[in-house]
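Keep the model open beside you as you read.

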Amino acid sequence: MTAQLTDLHDSVVPKVREFLSRPKKLFIGGQWIDAASGRSFETIDPATGQVLTTAAWGEAEDIDRAVKAARTAYEGEWSLWTPAQRQRLLFQISEKIYERAEELAQLEALDNGKSVGVAQAVDVTCTAELFAYYAGWATKIEGRTIPVSVPWAPGTTWHAYTLRESVGVCGAIVPWNFPLLMAAFKIPAALACGNVVVLKPAEQTPLSALLLAEIMAEAGLPDGAFNVVTGYGDAGAALASHMDVDKIAFTGSTEVGKLVVDAAKGNLKKVSLELGGKSPQIVFADADLSTAIPGTASGFLFNHGQACTSGSRLLVEDSIFDEFTQGVAEVAKASRIGHGFDPEAEVGPLISEEQLTRVTGYIDAGLRDGARALSGGGRHGTDGFYVEPTVLVDVKDDFSVYREEIFGPVVVATPFNAERGVITQANDTPFGLAASVWTQDISKAHRTARQIKAGSVWINSHNAFDAALPFGGYKQSGWGRELGEGAIDEYTQTKTVNVAL
């Protein structure tokens, strides 16, 4: 692989080149080890199609080794750590992530195709912030005392209280669109609560997870408290079905989420799911077009449309529909397409040739059904996996481009009439992950937000996240919540103690 590194962008820092040149092993029990099979697989730069490096091909046997190491840590050294010790450790990991932000951002750009600048400003910064946020939670996970009356024992005095306890061994399966950040949606919350983690990153993007393991080990995390098994879907399936895993947290497609649920039923492990979406961006005629046009464009172009919250349905009040959609199309046309190391590039490649085929297939189907492209409409160039930012109009609600998650830089725009309302149209989807409302009428904004069936609703913005804000979906967009206090509920269980005095 080292011969190929000479072809990488000149801006790749020496530490990243050195990291890529090293064998990528599994991280189990605090040790870097080969996969049991001895096999490895290639990871590709989606901007060029070149091989970056290879990673160990973990399978069910490796998952079993990782789970055993995690269980040993959970019942051993890690169980002796106080909340204050866990807090200090998570703060130290956060600081080390900041210190190595450039390396992490460049790895994300090479492995995923996203902008280095965006990766550092968003993915890496938010990851460090999540470790710091949940560091603070480690010392604040509390039970409570409850006054009770036991009807069948009058005159008896009781002392009843609850304990919030860790769940145990937690499996985390994360996608390729935000490899580092989606891992951070799970790992620090789990560790803050006293759990241990086995992480299975997406096979397309294993690199930042391995560097994160390196960082966490350097910070002093006990052996086995965090493990990484790189590999394909069979490794994820083995983790979801493992009888000694107490909880599984999955981010990915709704289809695979249903398979995770099925796999988890063997021991009825706790399951949290953050799944797909087809999020509406609702634009009223009184919106401030100077912010709404670029804002809604960003809502579907962010991360090249490869976001579960992508604002891929643009619902615009009919009186401004033509003006507004032309404006969004102009922003899309002007968006610079290029490699993540190009500081001026705004839209990068899709993750793989498979994803390129999927997205262009949806666009082609929409055009065949009768949609019209105001911008884009196909592949960009011949090298790498780029798709033109595409705005489709003349779309009906039974078109596949309207109903199904595309996961690319594609938006479908349809008008609505103010008198008939937009809520039915907005909620006409099996998904319910996110939505945005664009209006200068604050009362209208709040009324609309209340009626939308989605876990997150942004007003005059889209994709505005914070570590303290719970995130998750309604309907087929998932179970449970990540971020904020909601994640603490996912990684703890309540024990009731009732004492007869």
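Here is a short tour, from domains to helix pairs. Please bear in mind that this is a predicted model.

Begin with the domains. The domain assignment of the protein gives two entries: domain 1, made of 12–274 + 476–495, and domain 2, covering 278–457. Their contact draws on 27 residues from domain 1 and 24 residues from domain 2. Between the C-alpha centres of domain 1 and domain 2 there are 31 Å. About 2000 Å² of area is buried between domain 1 and domain 2, and carbon and sulfur atoms give 64% of that area.

Now turn to helix 2 (residues 14–21) and helix 5 (residues 101–112). Their axes are 9 Å apart and the packing angle is about 55°, which means helix 2 is oblique to helix 5. These two helices cross in a right-handed way. On the helix 2 side you will find Lys15, Val16, Phe19 and Leu20, and they meet Glu103, Gln106, Leu107 and Leu110 of helix 5. Sorted by class, this contact of helix 2 with helix 5 holds five nonpolar residues, one polar and two charged.

Next, find helix 3 (residues 60–75) and helix 10 (residues 233–241). This pair packs at about 40°, with axes 8 Å apart, so helix 3 is oblique to helix 10. The crossing of helix 3 and helix 10 is right-handed. Ala60, Ile63 and Val67 from helix 3 meet Ala235, Ala238 and Leu239 from helix 10. By class, the contact of helix 3 with helix 10 has six nonpolar residues, with no polar and no charged ones.

Notes
Residues are numbered from 1 along each chain as its sequence is written. This is a predicted model: local features need pLDDT of at least 70, side-chain atom pairs count only at pLDDT 80 or more; totals for chains, interfaces and linings use all residues. Side-chain values use heavy atoms; hydrogens and water are left out. Axes are lines fitted to C-alpha atoms, for helices over the stretch in contact, and angles run from 0 to 180 degrees between N-to-C directions. Helices (H or I, at least four residues) and strands (E, at least two) are DSSP runs, numbered from the N terminus. Angles under 35 degrees count as roughly parallel, over 145 as roughly antiparallel, 65 to 115 as roughly perpendicular and the rest as oblique. A crossing is left-handed if the near helix is turned anticlockwise from the far one by less than a right angle, and right-handed if clockwise. Contact means heavy atoms within 4.5 Å. Ala, Val, Leu, Ile, Met, Phe, Trp, Tyr, Cys and Pro count as nonpolar, Asp, Glu, Lys and Arg as charged, and the others, Gly among them, as polar. Domain bounds come from an automatic or database domain assignment. Buried area is the accessible area (1.4 Å probe) that two parts lose on being put together, summed over both.
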